[in-house]
Amino acid sequence: MKNEKIQAPKGVREYLPPESQAFEWVRAQLISPAKRAGYQLMELPVFEDTNLFSRGVGESTDVVSKEMYTFEDRGGRSITLRPEGTAGVMRAVIEGNLDRGQLPVKVWYSGQFFRAERPQAGRYRQFYQVGIEAIGIDDPALDAEVIAIADQGFRNLGLKNYRLEITSLGDSDSRTAHKKDLMKFIEALDLDEATRARAELNPLRLFDDKRPEMIALMAQAPLLLNYLTEYSRNHFEKVKSYLDALDISYVVNPRMVRGLDYYTGTTFEFVHEDLGAQSGIGGGGRYDGLMEVLGGQPLSGIGFGLGVDRALLAAIAEGSLPIKEFSSDLFIIPLGEESKAFSLTLAASIRSAGFSVEVAFGERSLKGSMKGADKSGARYVLVIGENEIGSSAFELKRMSDGVLVSVKMSELNTVLGA
Ligand code: HAM
């Protein structure tokens, strides 16, 4: 039988060189503001007890009702590949008793998430997020800081064409009052059966219906933002005033619906203008009832998840990737067997000064090796022939313009660092 090639599963996003260099850079930029703000790493399993998500994320969501990768393990337990990160963090915080220590618990995470969505540009079945969660303190200043950390991540990428949308889903009294009026409003609408069933599970979902006739119907629907209790209204006002103080611009979008059911109070999304349909590059909010629902203390929490795949697409669209940083500073070509030992030691010593250095291997011609150097994108090339062995002065070829630059060993740092 012929050995057929095996392909990656449908809708899976993977990153191979050279693109993976950009991916890795984007991920590091997105998370660095959180590390600087004292968030600590949490490494969690990619699969969890299915109940964690059905209870934590909510049965009314597409994520739980249609998109989970759920299977039975060999012990007959129902297992699900994590579709998002917050529920797992909460489970681990409760299990590890972190909520009994210093509050807020501040953690960051990064990794693969899985949703069986219809694949298209920017929407994958396995995708990447970095996220943070701050658990145990309800303070509008914390909400603003969490949003500011996400915003700084996008700024680190050099992104400009995005906006921050925020709203508040209020406390439970706000939501109860609104739900009553919203249900009354929805009852009077002429809806198909599936839509009515969705409304029954969570009437807010109808705000998320993209069909033009539904958008028209919902235009007059009562908005939760107008039902906030005094406490929730003050909370939201304070969040906005802190964002103003931080000089972070936002638009209030009272019709925003997040795809997960645990949200309360402040919720937000970052929307990129150049990405078409899959424009959400990150989102998050408060989830004040989640810990209790998962069997823990009634503590509040807030966090975000940023889509690394989409952030990379956004950086490509805006041309903001520092592509130069993704290739080596120097490419050394040893000519002949005798040059190899010197080339290797030279490379090691330049690397230890903080530069990235590649060495050509194999018995290729100088022309072939130069081609390799060119392809690698390295900024400089150094050929080590007999005369260079043991030398402390070299001629580097600057690849951007082909000019030969004479440098002494002692000046290498200055030249490569420029
Ligand atoms: P989310 O809005 O569902 O929130 O996802 C966060 C981000 O992940 C989205 O803004 C998007 O950039 C990216 N994303 C989601 N689905 C896909 C997909 N199929 N393909 C590519 N990218 C995708 C959450 O997951 C919450 N856990 C965030 C959070 C943390 N809220 C509070 N704490």
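1. Helix α4 is followed by asparagine 97, whose phi is positive, near 55°. Helices (H or I, at least four residues) and strands (E, at least two) are DSSP runs, numbered from the N terminus.

2. This is a predicted model, in which local features need pLDDT of at least 70, side-chain atom pairs count only at pLDDT 80 or more, and totals for chains, interfaces and linings use all residues. Residues are numbered from 1 along each chain as its sequence is written, and side-chain values use heavy atoms, with hydrogens and water left out.

3. Eight of the ten residues of α4 (residues 86-95) are buried, so this helix is largely enclosed by the rest of the structure. Buried means under 20% relative accessible area, exposed over 50%, and partly exposed in between (1.4 Å probe, protein chains only). The buried residues include Thr86, Gly88, Met90 and Ile94. Their cover includes β2 (47-49), α2 (50-56), β5 (105-114), β6 and α10 (290-293), where contact means heavy atoms within 4.5 Å.

4. The largest nonpolar core has 47 residues, and Val26, Tyr39 and Phe268 are among those with the most contacts inside it. Such a core is a set of buried Ala, Val, Leu, Ile, Met, Phe, Trp, Tyr and Cys residues joined through side-chain atoms within 4.5 Å. Elements that each supply at least two of its residues include α1 (19-36), β6 (126-135) and α5 (140-156). The largest share, eight residues, comes from α5. Another core, of 31 residues, lies apart from this one and includes Ala87, Leu169, Leu224 and Tyr263.
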